[in-house]
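Subject: Handing over a structure

Dear colleague,

I am passing on the structure below, followed by notes on what was found in it. Please read the notes with the coordinates open beside you.

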Amino acid sequence: MELAGKHLELAAMEAAKILKSGGLVAYPTESFYGLAADAANENAILRLFHVKKRQVREPVLILIPSVESLNRYALHVPATAKRLMEAFWPGGLTLVFEAAKGVSSLLTAGTGKIGVRLSSHPVAMALVLAMGAAITGTSANISGESPCKTANGVTRALGKGVDKILDGGKTPGQNPSTVLDMTTLPHSVLREGMISREALSPYCESLR
């Protein structure tokens, strides 16, 4: 049964407690299932890398609870980014900023940049709101393998490596979020996903 209403709120609160204690939680997004760790807990992030068999040199994007919380994680938010957020947040656009002080280098892979997204999926948003802070937004699968569209798929892929799965039913799959680097001029599309380059162009002075 899919989570909704009071059941979703309670499940998200329980999941947030697991995250705050260093655990890992899988949750549905607009595309595939994601894997959450507390973005402020480096031990939890290292565990996430281990469970996913992911190289530490690969950056990890984060989901935030609100636009107002962005300044905790981004050093500078240009006017173009604000226009893009008004148009596409919450939704399938990840914006890359210069990371604020205190953002773990495990998330930035030492680049000094952090990818940030505000999700439109009700379960993902319930989880990050229950946390009141950022969670990781990487896919819930072994690195290099196909992402998961169901809770059962996550179980098969990661098994006991995940402490809790928030079952939101089957996700749409198809394309991941589009990733746009706001730290470069012209702004650089690092990954074209749910939102096309053409859709972004009217909001950007320059794009590559």
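The structure, which is a predicted model, holds 5 salt bridges. In one of them, the side chains of Glu14 and Lys164 meet at 3.6 Å, N to O; because Glu14 belongs to helix H1 (residues 5-20) and Lys164 to strand S8, this pair ties together parts that are 150 residues apart in sequence. Glu14 is partly exposed, with a relative accessible area of 43%, whereas Lys164, at 18% relative accessibility, counts as buried, the cut-off for that being under 20%.

Another of the salt bridges brings together the side chains of Arg117 and Glu30 (3.0 Å, N to O), and it links distant parts of the chain, with Arg117 in strand S5 (residues 113-117) and Glu30 in the loop between S1 and S2, 87 residues apart. Both Arg117 and Glu30 are buried.

Strand S8 also takes part in an open sheet of 4 strands, which has the order S7-S2-S1-S8 and mixed pairing; its edge strands are S7 (138-139) and S8 (164-165), each pairing on one side only. Strand S1 (residues 25-28) and S8 run parallel and are joined by 2 bridges, with Lys164 in S8 as the bridge partner of Val25. Helix H5 (residues 122-131) lies across S1 and strand S2 (33-36), running at about 140° to S1.

Finally, in helix H3 (residues 79-88) the buried residues are Thr80, Ala81, Leu84, Met85 and Phe88. They lie on the same side of H3, because they cover an arc of only 135° around the axis, and they pack against strand S4 (93-98), strand S9 (178-181) and helix H7 (197-200).

Best regards

How values were computed: Residues are numbered from 1 along each chain as its sequence is written. This is a predicted model: local features need pLDDT of at least 70, side-chain atom pairs count only at pLDDT 80 or more; totals for chains, interfaces and linings use all residues. Side-chain values use heavy atoms; hydrogens and water are left out. Buried means under 20% relative accessible area, exposed over 50%, partly exposed in between (1.4 Å probe, protein chains only). The arc is that of the directions from the helix axis to the C-beta atoms. Contact means heavy atoms within 4.5 Å. Two strands pair if DSSP finds at least two bridges between them. Axes are lines fitted to C-alpha atoms, for helices over the stretch in contact, and angles run from 0 to 180 degrees between N-to-C directions. A salt bridge is a side-chain nitrogen of Lys or Arg within 4 Å of a carboxyl oxygen of Asp or Glu.
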